[in-house]
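Here is a friendly briefing to read alongside the model. Please have the structure open and follow the topics in turn.

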Amino acid sequence: MLAGKKILIGVSGSIAAYKTILLTRLFVKEGAEVKIVMTTAAKEFVSPLVLATLSKNKVLQDLATNDEWANHVQLGRWADVFVIVPLSCNTLAKMANGICDNLLMATYLSATCPIVVAPAMDEDMWHHPATKKNIATIKAYGNKVIAVKNGELASGLVGEGRVAEPEEILVYIKEHFCRTNEFAGKKVLITAGPTYEALDPVRFIGNHSSGKMGFALAKELFEKGADVTIVSGPSKEKLPYTSIKRIDVISANDMYNACMGPAAESNIIIMSAAVADYTPATVATEKVKKKEAAWQIELNKTKDILYQVGLQKHQGQFLVGFALETNNEKENALLKLKAKNADCIVLNSLRDEKAGFGHDTNKITLLHKSGEMIEFGLKSKAAVAKDIVSFILQKINE
Ligand code: CTP
């Protein structure tokens, strides 16, 4: 996702400067071009040689050396984003007051690219009114601030002021500066995971769906610029970006209620959830005690969300359903495509090894209402999500 991105890292003097070693590696590994500018104080905490080696670029420290002037104006124009991490109290105060006494500050003051800072300081410094005022000032100037964390501090105290971890900074940069715009302006609704249908306060009827496929689709579509909402049944999966809206539900009925409103306003709807088709007719309020006789459970049909969304589908909406089949796979999937008024069905077969529920891989066939059918090989769910999303993009632009 960072391929071709130009990232300028500004390192100021703080114990947390060692974290820029890992951050530089993460950026480079993701394909970004990285340049680094650091203050004299920062050199006390992290070696320029290490950062130069990892970034594959000379680390810039001085406004001018014997015979060379560091072109700070060019640096700020070269970068797609300038990340100042760790941001010390001192550099923060300089940023708030426009003090230009080193290369990092000259670069900051002349930068035309977006600027993000990740402060690092002791808790008492962080809570000082001067720091609060300076943070408010640099925010008002348009800089973005990655919130400090609560945890162990260099002083040995525990509290607020820890710099965000390199992985969090990487995600922040991706989320705010690296999304592409293939789906810009498009609202997407995704269902994911299983549903649990309660029998009593401790038991339920459910299935083995992990939610991995739906979450991979949410990530892929968000990275391509979509405004994504995911309605998920019970799942351990986590979303990588805070701007993806997540609605957690338990039962098929909860999922139905959560979906129908957003579905009406969505441009693309992808129903990857393994929604229970049946739910217990009654739910006991107390735990059902074991008896000698068998337990007969009466089940009622749940509402078919995909079918209902298909009924109300309006011009310009693209509706994708999933079909998990064990036999006559393509015939059954085609029947579902028609019956549910979908534009496309993603077919998984339980006969394919390592595909479907719980696995990190999947093997799909895409069936479009035009009759087009594409079979894919076994791939990671992230790669499958890319295939599905490219197919949707192609179809909505036809
Ligand atoms: N689906 C849904 N609501 C339900 C049941 C299913 O939205 N109550 C959706 C699923 O999310 C999936 C598609 O319908 O996109 C197909 O689900 P599947 O269970 O394979 O098909 P069913 O229509 O339920 O038929 P069957 O179980 O008989 O194969």
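This is a predicted model: local features need pLDDT of at least 70, side-chain atom pairs count only at pLDDT 80 or more; totals for chains, interfaces and linings use all residues.

Residues are numbered from 1 along each chain as its sequence is written, and side-chain values use heavy atoms, with hydrogens and water left out.

**Helix α4 and Lys94**

- The buried residues of α4 are Thr91, Leu92, Lys94, Met95 and Ala96, where buried means under 20% relative accessible area, exposed means over 50% and partly exposed lies in between (1.4 Å probe, protein chains only).
- An α-helix has 3.6 residues a turn, so residues three or four places apart point the same way.
- The cover over the buried residues of α4 includes β5, α5 (103–110), β6 (115–119) and α7 (129–140).
- Lys94 sits in α4, which runs over residues 89–97.
- Lys94 counts as buried because its relative accessibility is 11%.
- The side chains of Lys94 and Asp101 are joined by a polar contact of 3.0 Å; such a contact is a pair of N or O atoms within 3.5 Å, and within protein one must be able to donate a hydrogen and the other to accept it, with residues adjacent in sequence counted only if both atoms are side-chain atoms.
- Not counting residues up to four places away in sequence, Lys94 touches Ile99, Asp101, Asn102 and Met105, with contact meaning heavy atoms within 4.5 Å.

- Ser14 belongs to the loop between β1 (6–11) and α1 (19–29).
- Is Ser14 buried or exposed? Ser14 counts as buried because its relative accessibility is 10%.
- A polar atom of the Ser14 side chain lies 3.0 Å from the backbone nitrogen of Ala16.
- Leaving out residues up to four places away in sequence, Ser14 touches Phe45, Pro86 and Ala120.

**Ile169 in helix α8**

- Ile169 is found in helix α8, residues 166–177.
- With a relative accessibility of 1%, Ile169 counts as buried.
- Setting aside neighbours within four places in sequence, Ile169 is in contact with Leu23, Val83, Val85, Ala118, Ile146 and Ala164.
- From C-alpha to C-alpha, Ile169 and Asp124 are 23 Å apart in space, and they are 45 residues apart in sequence.

**Around the ligand**

- Which residues come nearest to the ligand? Of the 16 residues around the ligand, these are Met271, Ala273, Phe322, Lys336 and Lys340; a residue counts as near a molecule or strand if one of its heavy atoms lies within 4 Å of it.
- A polar backbone atom of Met271 is 2.6 Å from an oxygen atom of the ligand.
- Leu306 places a backbone N or O atom 2.8 Å from an oxygen atom of the ligand.
- Asp304 has a polar side-chain atom 3.5 Å from a nitrogen atom of the ligand.
- On its own the ligand has 570 Å² of accessible area, and the protein covers 76% of this; accessible areas come from the Shrake-Rupley method with a 1.4 Å probe, and for residues only the protein chains shown count as cover.

**Two asparagines with positive phi**

- Asn328 is not a glycine, yet its phi is positive at about 40°.
- Asn328 lies in the loop between β18 (318–325) and α12 (329–339), and its relative accessible area of 46% makes Asn328 partly exposed.
- Asn341, also not a glycine, has a positive phi of about 55°.
- Asn341 is in the loop between α12 and β19 (344–349), and counts as partly exposed at 38% relative accessibility.

**The chain as a whole**

- The chain has 13 helices and 23 strands, and its C-alpha trace spans about 85 × 55 × 35 Å along its principal axes.
- Of its 398 residues, 48% count as buried.
- Among contacts between residues at least 6 apart in sequence, 66% join residues at least 24 apart.
- The chain exposes about 19500 Å², with carbon and sulfur atoms supplying 52% of it.

Terms used
Helices (H or I, at least four residues) and strands (E, at least two) are DSSP runs, numbered from the N terminus.
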